[in-house]
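Reader: I have a model open and would like to learn how to read it. Please take me through some features one by one.

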Amino acid sequence: MFVKKFIILLFSIWVVITGTFFLMHAVPGDPFIGDRIIPEEILRSLYSCYGLDQPIGIQYLTYLKGILTGNLGVSIVYHGRPVTQFIAEGFPISALLGLQALILALPLGILLGTWAAIKRAQWQDHVAMLLSTLLVSVPNFVLASLLQYFFAMKFHLLPVARWGTFEHTILPTLALAALPTAFIARLTRSNMVEVLGQDYIYTAIAKGLPLFRIAIYHGLRNAILPVISYLGPVMTSILTGSFMVEKIFAIPGLGQWMIHSIHGRDYPMIIGLAIFFSAFLMVAMFLVDLAYALLDPRIRTARVAHE
Amino acid sequence: MSETSYWEDVWQRFKANRVAFTTLWILLALMALAVLGPMISPYSYSDIQLDWKNTPPCAKYWFGSDELGRDLFTRVWWGARISLFVGITAASIDIAFGVFYGAISAYAGGKTDELMMRIADILYSIPYLLVVILLTVIRGSGIGTILIAMTLTGWITMSRIIRAQILQLKQNDYIAAAKITGASPPRILFLHLLPNAIGPIVATLTLTIPTAIFTEAFLSFLGLGVQAPAASWGVLVSDALSAMRYYPWRLFFPASMITLTMLCFNLLGNALRDALDPRLRR
């Protein structure tokens with residue numbers, strides 16, 4: 001089962017690398033031809049320096065070999081800085097933001113969802129669900145700029161932008177956490193409503209336990225399992241969000257570099273970062289799948305029985 | 001006693017949901033304004049009036065004007081046309097292809113089903129965002145590129161939903177009866193199976209539109225969207241951000257239009273999903 005999934009994972013990463021490589025090389029245009037006229041000889045030495053004078057098949061093999069040894073090529077705009085160096089600098093920043101957002105969103109979403117499920121079809125439920133629909137509907141660049149406008153520019157409570165202290169991370173984290181929180185809340189609610197209809201919950205109610213206690217102690221462990229399997233899409237949405245949030249708050253994360261490289265048509269950077277992002281998400285999804293199967297006793301025992 | 005048909009029943013339940021009913025009217029109003037707004041405005045979306053730069057909302061410019069003195073009322077509704085067009089078209093293509101693929105996969109079953117779903121799995125694992133960015137970088141930005149990029153992997157979710165539906169419906173006796181009477185597979189698929197899956201199709205369509213509108217706004221925000229002087233909501237927001245501190249109204253109108261539209265589609269989609277699903281009837 002997992003061997004098969006792992007093989008599919010490797011295959012998908014290979015598809016991404018190959019697809020990206022050939023697509024980007026099919027783009028018409030030349031990275032070195034700009035405003036200045038470059039003498040033929042210099043152009044030739046630039047080509048050979050970046051390996052662009054080789055046939056495309058050889059370039060592809062060189063690139064594959066490079067990736068296996070941790071080399072994603074060099075930036076053209078930033079004069080030969082390796083792409084891995086940008087990743088080494090930018091990724092920890094983006095990862096910290098994403099992690100903080102996730103740490104905030106998980107308990108908040110689960111709590112909101114549980115509360116809505118307990119108060120099902122009452123006003124609390126409607127408020128919670130309307131709130132989560134609203135959070136899903138506000139694009140995070142709108143939310144980020146609203147937070148920035150009110151908390152930083154109007155009331156001067158927090159830094160407007162840039163990176164440095166913990167205070168700098170608060171607004172970006174909030175902006176990133178909104179969508180996952182809403183997402184997790186909706187999911188938790190629908191699972192919890194289902195779980196609360198089970199016989200063992202009725203037993204607990206009959207014993208006279210308070211409903212909130214039942215939901216937390218007896219319901220939650222079954223209700224949040226599906227939430228774990230949705231961590232993959234949640235990570236994707238945080239990553240997408242980080243592009244915008246990093247741009248708005250001028251944070252030197254990886255999303256910001258991706259935007260820079262798109263604007264500068266820095267093809268090796270775009271390819272390198274795209275492959276890195278894709279591989280990261282695919283591995284994350286794989287790990288989430290793995291964790292889900294390990295955590296859910298039903299799947300675990302089913303596998304043991306199967307073997 | 002009169003029998004209520006399925007659609008009458010759906011309509012009754014939908015009408016009973018006042019929130020959903022209101023969102024439907026708001027969406028219709030937004031669409032009407034997208035059509036009429038640029039017509040009733042005396043300005044065109046690209047008219048530059050440098051004497052009237054960054055004017056706050058007033059009698060002359062209802063939504064204010066931007067850094068080139070272009071009328072924001074006209075631009076917001078012009079942007080609505082582009083954003084709504086892209087959103088609805090992309091979602092419809094996704095749904096059409098997804099239904100087609102999912103239905104065939106489920107109906108064929110066996111090895112074909114296995115292979116088609118493996119292909120979908122691998123495509124699905126490739127992050128959507130990167131497909132979109134790469135394609136836009138390669139093809140250059142524009143509405144066509146955005147549509148292709150958004151539909152390239154967007155159909156997979158729908159195909160999975162439909163496949164699950166058809167697999168379930170296939171077990172029914174009336175399908176066996178249709179087969180015995182010699183109905184051809186396309187006839188069974190289009191006449192007997194798909195009409196029964198219309199609930200999830202409509203609900204998913206409604207919920208895909210806001211995602212598509214968001215993706216377009218996101219791409220425009222990254223500078224990969226429609227090109228100046230045309231503007232979608234995403235472009236307007238992106239333009240307004242840099243001057244948000246001094247001219248907040250430039251952000252207010254397009255940002256609230258995106259939010260309102262996405263909110264309405266999401267609420268409507270949720271309500272439709274509930275109304276169309278007979279199992280949720282009480």
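Reader: Where in chain A does A:Ala250 lie?

Author: A caution first: this is a predicted model. A:Ala250 sits in the loop that joins helix H11 (231-248) to helix H12 (254-263) of chain A.

Reader: What should I look for in its backbone?

Author: Look at phi. Most residues other than glycine have a negative phi. A:Ala250 is not a glycine, yet its phi is positive, about 50 degrees. A:Ala121 also calls for a look: its phi is positive, about 65 degrees, and it is not a glycine either.

Reader: Now the whole chain. How many helices and strands are there in chain A?

Author: Chain A has 14 helices and 0 strands. Its radius of gyration is 24 Å, well over the 19 Å that the globule rule gives for 307 residues, so chain A is more spread out than a compact globule. The C-alpha trace of chain A spans about 85 × 60 × 30 Å along its principal axes. Of the 307 residues in chain A, 36% are buried. Among contacts in chain A with a separation of 6 or more, 73% are between residues 24 or more positions apart.

Reader: What are the corresponding values for chain B?

Author: Chain B contains 11 helices and 0 strands. The C-alpha trace of chain B spans about 75 × 55 × 30 Å along its principal axes. Buried residues account for 45% of its 282 residues. For contacts in chain B between residues at least 6 apart in sequence, 68% join residues at least 24 apart.

Reader: How do I describe two helices that pack together?

Author: Two packed helices are described by the angle between their axes and the distance between the axes. In chain A, the axes of helix H8 (residues 199-206) and helix H9 (residues 211-223) come within 11 Å and cross at roughly 145 degrees. The crossing of H8(A) past H9(A) is right-handed. On the H8(A) side are A:Tyr200, A:Ile201, A:Ala204 and A:Ile205, which meet A:Ile214, A:His218 and A:Gly219 in H9(A). This contact has 5 nonpolar, 2 polar and no charged residues.

Reader: And a pair from chain B?

Author: Take helix H9 (residues 198-221) and helix H10 (residues 233-241) of chain B, whose axes come within 7 Å and cross at roughly 40 degrees. H9(B) and H10(B) are therefore oblique to each other. H9(B) passes H10(B) in a right-handed crossing. The residues that meet include B:Phe218 and B:Leu219 in H9(B), and B:Trp233 and B:Val237 in H10(B). By class, the contact has 7 nonpolar, 3 polar and 1 charged residues.

Reader: How many residues of each chain are in contact with the other chain?

Author: Chain B has 32 residues in contact with 34 residues of chain A. Several helices of chain B each supply at least two residues to the side that touches chain A, among them helix H4 (110-125) and helix H5 (128-139). H11(B) gives the most, with 9 residues. By class, that side of chain B divides into 26 nonpolar, 4 polar and 2 charged residues.

Terms used: Residues numbered from 1 in each chain as written. Chains lettered and ligands numbered in written order. Predicted model: local features only at pLDDT ≥ 70, side-chain atom pairs only at ≥ 80, totals over all residues. Helix = DSSP H or I, 4+ residues; strand = E, 2+ residues; numbered from the N terminus. Rg over C-alpha atoms; globule rule 2.2 N^0.38 Å. Buried ≥ 20, exposed ≤ 12 C-beta atoms within 10 Å, placed from the backbone. Contact = placed C-beta atoms within 7 Å. Axes fitted to C-alpha atoms, helices over the stretch in contact; angles between N-to-C directions. Parallel < 35°, antiparallel > 145°, perpendicular 65-115°, else oblique. Left-handed = near helix turned anticlockwise from the far one by under 90°. Nonpolar A, V, L, I, M, F, W, Y, C, P; charged D, E, K, R; others polar.
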